Amino acid sequence: MSYKFTANTTTYNRKPNKKEAAKISNNMESVYTDSIEDFSEDLGKGIS
Amino acid sequence: MMTLDFDAGITPQAAVERMQAYDITPNQLYPTFSDSPDKRKFRLTFVLDRLIYNIDARNYLMDSLFAMYPEADRACKDPAHFFYGTDKPVQVLNDKALSLDILLSVLESDKIKNGGRLRKIAPETTGAAFLRKDGFSRSSYYNIVGATSKARNEQQIEYYEKLKKNKDSKEID
């Protein structure tokens, strides 16, 4: 099963600041993952 | 995909167990950047087995989740809300997408389990009507049991029987 969602693919190892948050919200794109595990890996890299 | 954000009022374990009382395991649990041992901050993710394009249906489902989890941060219910990732390990609790039919039937149920609270939801809202019209949900237990032809596998049928048994029971377990 493929999962489609919207994400910003920039990785962060800390909470983004306001400037970074604005940049994230302006650069969202449709992405796909093949599994929930793959999606979890992305989240663990700080992807929004 | 539906995500709930928790900043206070419930532990990660209690949040997971609340839904597991209904035989549904959320897909992901992850601590936020701000999580600390003293103040747990985390998110719970529910990956659904189909996309919801109707905004009323989406909002109805989200409201139902908030009724189940009154501790969740209501500032994060907007469909345009985006969530940060994390710098901490993400737990995959369930690697299979959740049946929207089953999740909705649980959220609309009147059985209170494992710390859940009375749910003041309105099943006749536009969103709920859409979900049923589109064949997504048979909201009452009896309708679900009667709709076993829609069941995708034996596990689902078994679940429906369990729901009916609970419905007939006066006990709240």
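Predicted model: local features only at pLDDT ≥ 70, side-chain atom pairs only at ≥ 80, totals over all residues.
Chain A has 2 helices and 2 strands. Read along the sequence, the elements of chain A come in the pattern β-α-β-α. The C-alpha trace of chain A spans about 35 × 20 × 10 Å along its principal axes. Of its 48 residues, 15% count as buried. Taking the contacts in chain A between residues at least 6 apart in sequence, 64% join residues at least 24 apart.

Now the two strands of chain A. Strand 1 and strand 2 of chain A pair in the antiparallel sense, over 5 bridges. If you want one position to look at, Thr6(A) stands opposite Ser30(A) in strand 2 of chain A. How many of the 5 residues of strand 2 of chain A are buried? The count is 0, so to speak a strand that is hardly covered.

Next, helix 2 of chain A, residues 36-44. Its buried residues are Ile36(A), Phe39(A), Ser40(A) and Leu43(A). Why do these four lie on the same side of helix 2 of chain A? Because they cover an arc of only 100° around the axis. In general, an α-helix has 3.6 residues a turn, so residues three or four places apart point the same way. What do the buried residues of this helix pack against? Within chain A, they pack against strand 1 (3-7) and strand 2 (29-33). In chain B, their partners are strand 2 (28-31) and strand 4 (91-92). Just after helix 2 of chain A comes Gly46(A), with a positive phi of about 90°.

That takes us to the contact between the chains. It takes 21 residues from chain A and 18 residues from chain B. On the side of chain A that touches chain B, strand 1 and helix 2 of chain A each supply at least two residues. Helix 2 of chain A gives the most to that side, with 6 residues. By type, the residues on that side of chain A divide into 9 nonpolar, 7 polar and 5 charged.

On to chain B, starting with its sheet. This is an open sheet of 4 strands with antiparallel pairing, and the strand order is 1-3-2-4. Which strands are at the edges? Strand 1 (2-6) and strand 4 of chain B, each of which pairs on one side only.

Now the core. The largest nonpolar core has 33 residues, and those with the most contacts inside it are Leu61(B), Leu103(B) and Leu104(B). Helix 2 of chain A is among the elements that give two or more residues to this core. From chain B, the elements that do so are strand 1, helix 1, strand 2, strand 3, helix 2 (55-68), helix 3 and helix 4 (126-133). Which element gives the most to this core? Helix 3 of chain B, with 6 residues. Leaving aside neighbours within four places in sequence, Leu103(B) is in contact with Ile24(B), Phe46(B) and Leu98(B). In general terms, nonpolar side chains tend to be buried together in soluble globular proteins.

Ile102(B) lies in helix 3 of chain B, residues 100-107. Ile102(B) counts as buried because it has 20 C-beta neighbours inside 10 Å, and 20 or more is the cut-off for buried. Asp23(B) is 79 residues from Ile102(B) along the chain, yet their C-alpha atoms are separated by 9.7 Å. You will find Asp23(B) in the loop between helix 1 (12-20) and strand 2 of chain B. Asp23(B) has a positive phi of about 65°, although it is not a glycine. Is Asp23(B) buried or partly exposed? Partly exposed, because it has 13 C-beta neighbours inside 10 Å.

Arg18(B) counts as buried because it has 21 C-beta neighbours inside 10 Å. Arg18(B) and Asp73(B) are 55 residues apart in sequence and 17 Å apart in space, C-alpha to C-alpha.

Methods
Residues numbered from 1 in each chain as written. Chains lettered and ligands numbered in written order. Buried ≥ 20, exposed ≤ 12 C-beta atoms within 10 Å, placed from the backbone. Arc of directions from axis to C-beta. Contact = placed C-beta atoms within 7 Å. Nonpolar A, V, L, I, M, F, W, Y, C, P; charged D, E, K, R; others polar. Pairing = 2+ DSSP bridges. Core = buried A, V, L, I, M, F, W, Y, C linked by C-beta atoms within 7 Å.
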